[in-house]
Amino acid sequence: MPETADGLLTPVADDDGAPFWEYAAREELRVQACADCGRLRFPPRPCCPHCHSFGQEWLRMSGRGRIWSYVIAHPPLLPAYAAQAPYNAIVVELAEDPLIRLVGNLVTAPDAPLDSAGPGALRIGAPVRAVFARPPGSTVTVPRWLPDRS
């Protein structure tokens with residue numbers, strides 16, 4: 001798995017997921033949908049698990065959701081991550097479909113360090129909104145999550 005200049009791991013796009021990362025680079029949160037039955041699906045895959053169609057489209061999401069689950073990482077970790085520990089990893093259910101869940105970090109600003117949102121900011125059901133960051137030395141833009149106070 002590729003690393004950024006500061007040692008963080010970066011995602012590798014496969015053929016099915018490449019559009020997700022291309023849209024993220026444009027700061028758009030899009031999810032694959034079936035072109036026939038309209039159901040959203042994530043992670044992206046070639047065939048709809050509901051109607052078995054191979055038709056697909058990428059729909060823009062609002063970027064809003066709720067924390068469905070979280071964990072706080074503590075050492076032992078890879079060195080670049082240990083330097084930021086403890087930090088959170090959250091699972092977000094999207095507002096458009098709570099069965100669509102994405103993993104990321106709750107942060108205080110798009111480019112803030114992983115440990116910027118303390119444990120007190122984490123609560124199951126807390127509203128969040130997507131932001132995008134390109135870690136230093138990375139060619140991939142990743143979604144992160146901010147508390148949504150709107």
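1. Start at Thr141. Leaving aside residues up to four places away in sequence, Thr141 touches Trp21, Ala24, Ala25, Phe132, Ala133 and Arg134. The model is a predicted one, and the points below should be read that way.

2. Thr141 sits in the loop between strand 7 and strand 8. Its relative accessible area is 6%. That is under the 20% cut-off, so Thr141 counts as buried. The side chain of Thr141 also makes a polar contact with the side chain of Arg134, at 3.2 Å.

3. Strand 7 (residues 127-133) and strand 8 (residues 142-147) run antiparallel, with six bridges between them. Strand 7 also pairs with strand 4 (residues 64-73), again antiparallel, through three bridges. Here Arg66 has Pro127 of strand 7 as its bridge partner. How much of strand 7 is buried? Five of its seven residues are, so the strand is largely enclosed by the rest of the structure.

4. Strand 1 (residues 30-34) pairs with strand 3 over five bridges, in the antiparallel sense. Within that pair, Ala33 stands opposite Glu57 of strand 3. As background, strands of a sheet pair through backbone hydrogen bonds, either parallel or antiparallel.

5. Next, the largest pocket. Its volume is about 610 Å³. It is lined by 24 residues, and those closest to its centre are Pro11, Val103, Gly104, Asn105 and Val142. Several elements give two or more residues to the lining: helix 1 (18-25), strand 4, strand 5 (87-94), strand 6 (97-104) and strand 8. What is the make-up of the lining by class? There are 18 nonpolar residues, five polar and one charged.

6. Two cis peptide bonds deserve a look. One runs from Phe42 to Pro43, with omega near 10°. Pro43 is in the loop between strand 2 and strand 3. The other joins Ala85 and Pro86, with omega about -5°. Pro86 is placed in the loop between helix 2 (79-82) and strand 5. For context, most peptide bonds are trans.

7. Two residues other than glycine have a positive phi. Glu27 has phi near 60°, and it lies in the loop between helix 1 and strand 1. His52 has phi near 70°, and it belongs to the loop between strand 2 and strand 3. Most residues other than glycine have a negative phi. Are these two buried or exposed? Glu27 is exposed, with a relative accessible area of 52%. His52 also counts as exposed, at 55% relative accessibility. The cut-off for exposed is over 50%.

Key. Residues are numbered from 1 along each chain as its sequence is written. This is a predicted model: local features need pLDDT of at least 70, side-chain atom pairs count only at pLDDT 80 or more; totals for chains, interfaces and linings use all residues. Side-chain values use heavy atoms; hydrogens and water are left out. Two strands pair if DSSP finds at least two bridges between them. Helices (H or I, at least four residues) and strands (E, at least two) are DSSP runs, numbered from the N terminus. Buried means under 20% relative accessible area, exposed over 50%, partly exposed in between (1.4 Å probe, protein chains only). A polar contact is a pair of N or O atoms within 3.5 Å; within protein, one must be able to donate a hydrogen and the other to accept it, and residues adjacent in sequence count only if both atoms are side-chain atoms. Contact means heavy atoms within 4.5 Å. On a 1 Å grid over the protein atoms alone, a cavity is a set of points where a 1.4 Å probe fits but cannot get out, and a pocket is an open set with protein on both sides within 12 Å along at least five of seven lines; lining residues have an atom within 4 Å of a point. Grid points are joined across faces, edges and corners, and a volume is the space filled by probe spheres set on the points. Ala, Val, Leu, Ile, Met, Phe, Trp, Tyr, Cys and Pro count as nonpolar, Asp, Glu, Lys and Arg as charged, and the others, Gly among them, as polar.
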